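The sequence and structure are shown first.

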Amino acid sequence: MPLIIITGLPASGKSRRAAQLLKLFEDRGKSVRLVSEWQCIQLAGFDKNEYFSDSQKEKLLRSNVKSETLRMLNKDDVIIVDGGNYIKGYRYEIFCASKSSRTTQCTVYCAITKDQAWHFNETRDEEREKYREDVFDALCLRYEEPQHNNRWDSPLFSIFPEEELDEANIYNALFEAKALVPNLSTQNPPLSSTNFLFEMDKTTQEVIDQILSARKLGMIGPVKISETADLLADVPSDMNASQLNRFRRQFLNYMKLHTTATVTIDKIPAMFVQFLNSNCK
C-alpha cells in the first residue's frame, strides 16, 4: 500500500534507485510492485525519443503509468513508480489517489546537474536507451523540481548519484508514519446513489414529523428524537411545518454538496438535529 514516487531529470539514475528500493523492501519481507515508465514505452513498441518528442504519445504514456499505479494500490503491496514524473500537477494527482486510499507516500528525488545527467546519457551502452539531445533538453526545460514545502512531494528524499539511499528514513516514512487522511477533495460522495438520497430525504422528514407531532400534543420544550435516546431537537415551539421544511431543504442542499464517503445514513438524524438546533433560533 505505501507508495514511492521516483522523480528526476533524464538519465539521473531513477531506474537504479528503483531497483535498490525494490531489493530493500523485498529483503525486509515486503511485497513490492514496480511501475516502470521505460517498460510502458517498450510495451507500446516505441523508443523513448519517439515518445517524448510527440506530446500526444507522451500524454498517453503518463496516463498509462498513472492508471497502472492506481490499479495496483492496495493494502498489502509497496508500489514504486519509476519515471520522470516531472510535472508537479501529475505528482499531485497521484498524491490525491494515495490519500484517498489512506496510504503513506514519499518522494525520492534523483538530484543531479544537467551536465552530469547528459554525461551519464552519453555513456549508456544501448543506443535505444539514450536520449537525443533535443529531447533531453526539452525534458530538462519542462522539469518541475519537487519541493519540501509541497505536501504532495513530502516527505522528500533528495539523493545525489554518489550518495547511498537513506534506507532507514525511507522505510520509517512509509511504515512508521501515520497514513494520509482523506478530505473532501480526495473522496467521492455517496450521493450518486439514488437510494442514499431517498433515505436521507425520508430520515429528515421523519425528524420533522416527530417535532410536529410533539407540538400537537402540547410539548413546548426540546423534542426527543426516537432514533437516539439522548438526541434532542431544541427548536422554537411556535415554528410551523413550512418553516421547518425550509430548513430541511437547506440541509439537504448542503449535504448534496458536502457529503463525503464517511457519512452514512445512520448519522443523518444527529446531523440534521444539530443543523436545526444551530439555525432555528
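## Basis of the report

A salt bridge is a side-chain nitrogen of Lys or Arg within 4 Å of a carboxyl oxygen of Asp or Glu. Side chains of opposite charge can pair when their charged atoms come close. The structure holds eleven salt bridges.

The model is predicted: local features need pLDDT of at least 70 and side-chain atom pairs count only at pLDDT 80 or more, whereas totals for chains, interfaces and linings use all residues. Residues are numbered from 1 along each chain as its sequence is written, and side-chain values use heavy atoms, with hydrogens and water left out.

## A pair within helix α4

Arginine 62 and glutamate 58 form a salt bridge, with their closest N and O atoms 3.6 Å apart. Both residues lie in helix α4 (residues 55-72), four residues apart, about one turn of the helix. Helices (H or I, at least four residues) and strands (E, at least two) are DSSP runs, numbered from the N terminus.

Glutamate 58 counts as buried at 5% relative accessibility, while arginine 62 is partly exposed at 23%. Buried means under 20% relative accessible area, exposed over 50%, and partly exposed in between (1.4 Å probe, protein chains only). Glu58, Arg62 and Arg142 are linked in a network of salt bridges.

## Two further pairs

Aspartate 153 and arginine 91 meet in a salt bridge at 2.9 Å, N to O. Aspartate 153 lies in the loop between α7 (133-142) and β5 (156-159) and arginine 91 in helix α5 (residues 88-100), so the pair ties together parts that are 62 residues apart in sequence. Both aspartate 153 and arginine 91 are buried.

Glutamate 50 pairs with lysine 57 in a salt bridge, the closest N and O atoms being 3.3 Å apart. Glutamate 50 is partly exposed, with a relative accessible area of 33%, and lysine 57 is partly exposed at 23%.
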